[in-house]
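Subject: Structure handover

Hi,

Here is the structure we spoke about. Please open it alongside these notes.

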Protein chains: 2
Amino acid sequence: MENKVVTMENIHKRNEQLAAELNADLTKKGVFTVNVMGAPGAGKTSVLVSLIKQLNEACFVIEGDIESDIDSMKLKELGISNIQINTGGACHLDTPLIKNAVDEIDVKDCILFIENIGNLVCPAEFLIGEHIKMLICTVTEGSDKPYKYPLAFEKADVIIINKIDLTAYVSFDEAYFMKGVRALNPEVPVFSVSATTGKGFGELSQWMQSAKEKSLNKLS
Amino acid sequence: MENKVVTMENIHKRNEQLAAELNADLTKKGVFTVNVMGAPGAGKTSVLVSLIKQLNEACFVIEGDIESDIDSMKLKELGISNIQINTGGACHLDTPLIKNAVDEIDVKDCILFIENIGNLVCPAEFLIGEHIKMLICTVTEGSDKPYKYPLAFEKADVIIINKIDLTAYVSFDEAYFMKGVRALNPEVPVFSVSATTGKGFGELSQWMQSAKEKSLNKLS
């Protein structure tokens, strides 16, 4: 048996090549792809539900979880097309996993949201064929997250502050949060929303539609 | 140059050996060691502050973060002895990092809390010399966390539900949460607390003191 040495550097490099190929393929098919990242309990699925309701676009969700199909079932009940991926322990999604899912669902002309594993660290390190990364934070997590998990904030193309219906009950220092965000990512758009009340999704969905147009036109 | 093949299995095995050695060394010194795990924003540092105030024991904290010394400075201001470790990107602590810190601080006869990286996935896979693992969840994260991040719940020796001051404002289904916890970990003690109001820390600190005695007596 051949003894093959796989280093982390090789894994990253191979993943980036595959991600670029998958992204080109998705672009050709008119599939604007969003890598949705956030900590456990940030409300990634709930934000997607509220956003998809507002969007005037065909949407599809790839649900990434370590185990369970809770989020996938939730989306199915709401009539949102989706497919579940389980990583079986792994802390992030990677391109081979997404490529398999994309081959199976055969999407075109839509927005494809890929909900990554709930984790503010590892998912930011791996491309998965996306056009943009959407990072979901919450007022309940506290305002120091950009300082503690800088890579996710640096790489984000859009940042959502969720759970703003709870602002009155927690000590979220938005100015301190935004100072951290701006130090890492001066131009990133930031939207405040509540997936519970529906507030803020009009602006976010407009931005998303325009990001889709810009991204696909630029790349086609 | 020698070509050394390092597999994940080797890394895990070596880490477990080192962890057992470090644990034996800490036990000899009367240092009860707690691996503190939780998602970003679960309130790990705030829970430690409230718990240490209640404990009738010398306490020391090793603060693990990817970057920043925000939590370390917060503890210092409150007069809590601590040392900061930065992983420089890595998503969990491991035993070599902790052994270096322990060598530096030279603790004895105390409770040593090691605050792991905010992450519900990777920290659960790596021993760091601890006697017990304390998992901190919150009512704001939602009640499906045991189902989605089973390893952390399965391995926990004590589970804290934090932010119960916010229970009235969120839809946390405690029965569903506990059903998931019990399926993975039938006997684990669970404490509900609020680091904001101080509620629940009397019971938790009593449990912690008794866990220290049991653990050090059993092992010595």
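This is a predicted model. In chain B, helix α1 (residues 8-28) packs against helix α4 (residues 95-105) at an angle of about 25°, and their axes lie 9 Å apart. Angles under 35 degrees count as roughly parallel, so α1(B) is roughly parallel to α4(B). The crossing of α1(B) past α4(B) is left-handed.

Which residues meet there? From α1(B) come Asn15(B), Leu18(B), Ala19(B), Leu22(B) and Leu26(B). They meet Thr95(B), Pro96(B), Ile98(B), Lys99(B) and Val102(B) of α4(B). By class, the contact of α1(B) with α4(B) has seven nonpolar residues, two polar and one charged.

Next, the cavities. How many cavities of 30 Å³ or more does the structure hold? There are two.

The largest cavity:
- Its volume is about 60 Å³.
- Its lining counts 13 residues. Nearest the centre lie Thr140(A), Glu141(A), Thr138(B), Thr140(B) and Glu141(B).
- The lining splits into three nonpolar, six polar and four charged residues.

The second largest cavity:
- Its volume is about 30 Å³.

Best wishes

How values were computed:
Residues numbered from 1 in each chain as written. Chains lettered and ligands numbered in written order. Predicted model: local features only at pLDDT ≥ 70, side-chain atom pairs only at ≥ 80, totals over all residues. Heavy atoms only, no water. Axes fitted to C-alpha atoms, helices over the stretch in contact; angles between N-to-C directions. Helix = DSSP H or I, 4+ residues; strand = E, 2+ residues; numbered from the N terminus. Parallel < 35°, antiparallel > 145°, perpendicular 65-115°, else oblique. Left-handed = near helix turned anticlockwise from the far one by under 90°. Contact = heavy atoms within 4.5 Å. Nonpolar A, V, L, I, M, F, W, Y, C, P; charged D, E, K, R; others polar. 1 Å grid on protein atoms, 1.4 Å probe; cavity = no way out; pocket = protein on both sides within 12 Å on 5 of 7 lines; lining within 4 Å. Points joined across faces, edges and corners; volume = space filled by probe spheres on them.
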